[in-house]
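Visitor: I'm new to this one. Can you walk me through a few spots?
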Amino acid sequence: FYRRLAFDEIFSTFLVKSEIRKKIKKVKKSKKKIDEKKQNKILKNLDFLLTNDQQNSLKEINKDLCSETKMFRLLQGDVGSGKTIVSLLSAFNTINSDFQVAMMAPTEILAKQHYELAKKILPIDIKIEIITGKTNYKNKKEILNKLLDKKIDLIIGTHAIFQKKIAFKKLGLIIIDEQHKFGVNQRKKLSDKGGVDCDILLMTATPIPRTLTMTIYG
């Protein structure tokens, strides 16, 4: 009896998720173009080599970026396993395809760490900014204008990125770090800013049950 109830619940979940997946698959986006020579140049300048898992994850993400189907991908790995470097390389490839990227972290400390790493490994000509709740009004206004004029390639920030005032000229990728710390509606609001051409990459060491269910059932 219990097994039958469990089966019915799993089956109904699968059907609902399948319908959502069908709707997502119908949406066609602009393909990004991956310049492997430029990507490899960054990899050569790193102080370390990517692990096999990191290389495989990057290949799968790049494949999604190049497809016509919108990417909804979960990048899972223990703390310190190198998710950030994979996401920044994905951001770099998206920027090279003439799109903007938004990267969100739950705390100011983490956002600053991502910002410093991005500044360190990405080429100088890529324009990177950081925005948090503590960013003063003058700087915030300047950042808003630059985003609209496409004078910022990569914006890294906290919940401040959710604000209605923040709009993009051509957003092509959203990266959400520690996705379990953000609400479903918050993540949706951010993804809506990107429109049809915007891919989504979620990162976490501890995925919430809802996210795991969506991953398992496609």
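Predicted model: local features only at pLDDT ≥ 70, side-chain atom pairs only at ≥ 80, totals over all residues.

Visitor: What's the phi of Asp98?
Guide: Near 75°. That is a positive value, and the residue is not a glycine.

Visitor: Which other residue has a positive phi without being a glycine?
Guide: Lys150, with a phi of about 60°. Lys150 is in the loop between helix H6 (137–148) and strand E4 (154–157).

Visitor: And how accessible is Lys150?
Guide: Lys150 has 21% relative accessibility, so it counts as partly exposed. The cut-off for buried is under 20%.

Visitor: New topic, helices. How do H3 and H4 cross?
Guide: H3 covers residues 52–66 and H4 covers residues 83–95. Their axes come within 10 Å and cross at roughly 30°.

Visitor: Parallel or perpendicular, then?
Guide: Roughly parallel. Angles under 35 degrees count that way, so H3 and H4 qualify.

Visitor: Which hand is the crossing of H3 and H4?
Guide: Right-handed.

Visitor: Which residues meet there?
Guide: From H3, Gln54, Ser57, Leu58, Ile61, Asn62 and Leu65. From H4, they meet Ile85, Val86, Leu89, Ser90, Asn93 and Thr94.

Visitor: How many of the residues in that contact are nonpolar, polar or charged?
Guide: In the contact of H3 with H4, six are nonpolar, six are polar and none is charged.

Key
Residues numbered from 1 in each chain as written. Heavy atoms only, no water. Axes fitted to C-alpha atoms, helices over the stretch in contact; angles between N-to-C directions. Helix = DSSP H or I, 4+ residues; strand = E, 2+ residues; numbered from the N terminus. Parallel < 35°, antiparallel > 145°, perpendicular 65-115°, else oblique. Left-handed = near helix turned anticlockwise from the far one by under 90°. Contact = heavy atoms within 4.5 Å. Nonpolar A, V, L, I, M, F, W, Y, C, P; charged D, E, K, R; others polar. Buried < 20%, exposed > 50% of the residue type's maximum accessible area, 1.4 Å probe, protein only.
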